[in-house]
Amino acid sequence: MSWTKVLAVEALSPGTREVVKVGNRKILVLNHENQLYAVDNNCPHLKLPLKSGKITESGAIVCTFHRSAFDLRTGEVQGWCSWPPGVGKVLSLVSQPKTLPVFPIRVEEGSIWVDVQEE
Ligand code: FES
């Protein structure tokens, strides 16, 4: 375990999100319906930032860039980007669906802590 204090609890009201740096990772910490989540801010598809992604009713974050979607609790792929016809077969060889890294998160003494392992 490698717990790091990242934010004050009051800095993350429901519906808000912040990107924090822990070691060499950028972690997206978000408060969705009063539940806290910590996920890698780099989308597993092309490593573009997930920060502005919408959250679905089922609790998945959808990447703004190519619409891949990941369960906030587990990081499981809920949808992977679809490429235009004709390039799909080629790009699918280098773009297999990958799980989004998610991290344990807790609140203690008025602060939010995340457990992030180095890459
Ligand atoms: S970078 Fe997120 S789906 Fe492509």
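Where is Phe65 found? Phe65 sits in the loop between β6 (60-62) and β7 (69-71). Strands such as these, and helices, are DSSP runs numbered from the N terminus (H or I, at least four residues, for helices; E, at least two, for strands).

This is a predicted model, in which local features need pLDDT of at least 70 and side-chain atom pairs count only at pLDDT 80 or more, while totals for chains, interfaces and linings use all residues. Residues are numbered from 1 along each chain as its sequence is written, and side-chain values use heavy atoms, with hydrogens and water left out.

**Overall build**

The protein has one helix and ten strands. From the N terminus, the order of elements is β-β-β-β-β-β-β-β-α-β-β. The protein has 119 residues, and 38% of them count as buried. Buried means under 20% relative accessible area, exposed means over 50%, and partly exposed lies in between (1.4 Å probe, protein chains only).

Contact means heavy atoms within 4.5 Å. Take the contacts between residues at least 6 apart in sequence: 45% of them join residues at least 24 apart.

**The surface**

Accessible areas come from the Shrake-Rupley method with a 1.4 Å probe; for residues, only the protein chains shown count as cover.

Phe65 is partly exposed, at 40% relative accessible area. Together with Leu46 and Leu48, Phe65 makes a nonpolar surface patch of about 250 Å². Patches are made of residues with over 30% relative accessible area and no salt bridge; like charges are joined within 9 Å, and nonpolar side chains (Val, Leu, Ile, Met, Phe, Trp, Tyr) within 5 Å.

**Salt bridges**

Side chains of opposite charge can pair when their charged atoms come close. A salt bridge here is a side-chain nitrogen of Lys or Arg within 4 Å of a carboxyl oxygen of Asp or Glu. By that rule there are three salt bridges.

| Salt bridge | N to O distance |
|---|---|
| Arg25 and Asp40 | 2.7 Å |
| Asp71 and Arg73 | 3.0 Å |
| Glu108 and Arg106 | 2.2 Å |

The pair Arg25 and Asp40 links distant parts of the chain. Arg25 is in strand β3 (residues 25-32) and Asp40 is in strand β4 (residues 35-40), 15 residues apart. Both partners are buried.

Asp71 is buried at 11% relative accessible area. In the remaining pair, Glu108 is partly exposed at 34%, and Arg106 is partly exposed at 27%.

**Cysteines**

How many disulfides does the whole structure hold? The search finds zero. A disulfide is a covalent bond between the sulfur atoms of two cysteines. The test used here asks for a pair of cysteine sulfur atoms within 2.5 Å.

Cys81 is buried at 7% relative accessible area. Cys63 is buried too, at 2%.

**Asn31**

Asn31 lies in strand β3. Is Asn31 buried or exposed? Asn31 is buried, with a relative accessible area of 7%. Leaving out residues up to four places away in sequence, Asn31 touches Leu12, Ser13, Pro14, Gly15, Thr16 and Leu36. The side chain of Asn31 also reaches the backbone nitrogen of Asn34, at 3.0 Å.

Notes
A polar contact is a pair of N or O atoms within 3.5 Å; within protein, one must be able to donate a hydrogen and the other to accept it, and residues adjacent in sequence count only if both atoms are side-chain atoms.
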